[in-house]
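Subject: A structure to look through

Dear colleague,

Please find below the structure that I promised to pass on, together with its sequence.

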Amino acid sequence: MNLVDLPEPEPGPGEKLVRISRTGINFADTHTTSNEYLAKQELPFIPGQELVGITEDGTRVAAVVPSGAYAEVAAVPEDRLVMVPD
């Protein structure tokens with residue numbers, strides 16, 4: 001893996017921008033980063049499936065996504081977001 005700077009994603013219809021504060025590291029992630037998981041990956045690729053963060057309106061959320069949770073910011077489908085209480 002390499003740390004790189006990428007442009008901030010633009011949320012599409014039905015998506016929210018999430019500033020990620022925490023991400024999980026699970027079995028699938030450890031195998032995906034070495035391209036040994038069930039579904040093969042193609043570069044460029046941002047790993048990570050579990051995230052917690054804050055939307056642009058300040059709502060704390062969690063989500064499970066196919067990839068991208070290792071980023072600082074992600075565009076996440078609204079139907080995947082779960083509110084996290086204070």
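L17 stands opposite A75 in β4, and this belongs to a pairing in which β1 and β4 run in the antiparallel sense over five bridges. Strands here are DSSP runs (E, at least two residues), helices are DSSP runs of H or I with at least four residues, and both are numbered from the N terminus; two strands pair if DSSP finds at least two bridges between them. Before going further, please keep in mind that this is a predicted model, in which local features need pLDDT of at least 70 and side-chain atom pairs count only at pLDDT 80 or more, while totals for chains, interfaces and linings use all residues. Residues are numbered from 1 along each chain as its sequence is written, and side-chain values use heavy atoms, with hydrogens and water left out.

The sheet as a whole is open and made of five strands in the order β4-β1-β2-β3-β5, with antiparallel pairing. Because β4 (73-77) and β5 (82-83) stand at the edges and each has a single partner strand, one side of each is left without a neighbour in the sheet. β1 also pairs with β2 in the antiparallel sense, again over five bridges, and there R19 stands opposite I54 in β2.

Side chains of opposite charge can pair when their charged atoms come close. A search of the whole structure finds two salt bridges, a salt bridge being a side-chain nitrogen of Lys or Arg within 4 Å of a carboxyl oxygen of Asp or Glu. R19 forms one with E8, the closest N and O atoms being 3.1 Å apart; this pair links distant parts of the chain, since R19 is in strand β1 and E8 in the segment before β1, 11 residues apart. R19 is partly exposed, with a relative accessible area of 43%, and E8 is partly exposed at 42% (buried means under 20% relative accessible area, exposed over 50%, and partly exposed in between, with a 1.4 Å probe and protein chains only). The side chains of R60 and D86 also meet in a salt bridge, at 3.9 Å from N to O. R60 lies in strand β3 (residues 60-64) and D86 in the segment after β5, so the pair ties together parts that are 26 residues apart in sequence. R60 counts as partly exposed at 35% relative accessibility, whereas D86 counts as exposed at 91%.

What makes up the largest nonpolar core? It has 10 residues in all, namely V18, I20, L51, V61, A63, V65, A69, A74, V76 and L81, where a nonpolar core is a set of buried Ala, Val, Leu, Ile, Met, Phe, Trp, Tyr and Cys residues joined through side-chain atoms within 4.5 Å. The elements that give two or more residues to this core are β1, β3 and β4. Leaving aside neighbours within four places in sequence, L51 is in contact (heavy atoms within 4.5 Å) with residues including V18, I20, V61 and V76.

T55, found in strand β2 (residues 50-55), is buried, with a relative accessible area of 6%. Leaving aside its neighbours within four places in sequence, T55 is in contact with K16, L17, V18, V61 and L81.

With best wishes
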